[in-house]
Amino acid sequence: MRIKLDRTLCDGFGICARHAPRYFSLDDWGYAVLVGDGTIPEQDRDAVLRALMDCPVHAIMTRSERRPDDAPPPALSEPDLERLKTEENEAEWGFTR
Ligand code: SF4
């Protein structure tokens with residue numbers, strides 16, 4: 001499992017550091033700092049998930065497990081420009097203000 005911490009969201013409650021002190025420390029103002037690169041071994045997964053779920057501002061998130069050598073994501077299809085909804089054709093698609 002991989003996680004990331006958005007420090008701009010952290011409100012410094014310190015719950016994460018209490019649940020998973022190996023992965024979260026608190027700076028001088030009490031805001032969380034991620035220890036390491038966010039890779040969580042299986043044996044510590046439960047403690048880190050508990051920190052993630054108990055964070056009152058959802059500052060801790062799981063990261064995609066995608067690796068550079070994984071298959072690329074499917075390509076996005078081109079938009080159908082004939083059916084694109086715009087202000088010019090809004091009467092056709094029923095938009096009302
Ligand atoms: S639990 Fe959330 S808000 Fe509290 S210190 Fe950790 S990241 Fe910040």
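Let's start in helix α2, where Asp54 and Arg50 sit four residues apart, about one turn of the helix. Helices here are DSSP runs of H or I with at least four residues, strands are runs of E with at least two, and both are numbered from the N terminus. The side chains of Asp54 and Arg50 meet in a salt bridge, 3.4 Å from N to O. By salt bridge I mean a side-chain nitrogen of Lys or Arg within 4 Å of a carboxyl oxygen of Asp or Glu.

A quick word on the source: this is a predicted model, where local features need pLDDT of at least 70, side-chain atom pairs count only at pLDDT 80 or more, and totals for chains, interfaces and linings use all residues. Residues are numbered from 1 along each chain as its sequence is written, and side-chain values use heavy atoms, leaving out hydrogens and water.

Next, please look at Asp44, which pairs with Arg22, their closest N and O atoms being 3.2 Å apart. Asp44 is in the loop between β3 and α2 (45–54) and Arg22 in the loop between α1 and β2, so this pair ties together parts 22 residues apart in sequence. Buried or exposed? Asp44 is buried at 14% relative accessibility, while Arg22 is exposed at 57%; the cut-offs are under 20% relative accessible area for buried, over 50% for exposed and partly exposed in between, with a 1.4 Å probe and protein chains only.

Finally, Asp27 and Arg7 form a salt bridge at 2.7 Å, N to O. This pair links distant parts of the chain, 20 residues apart. Arg7 is partly exposed, at 41%.
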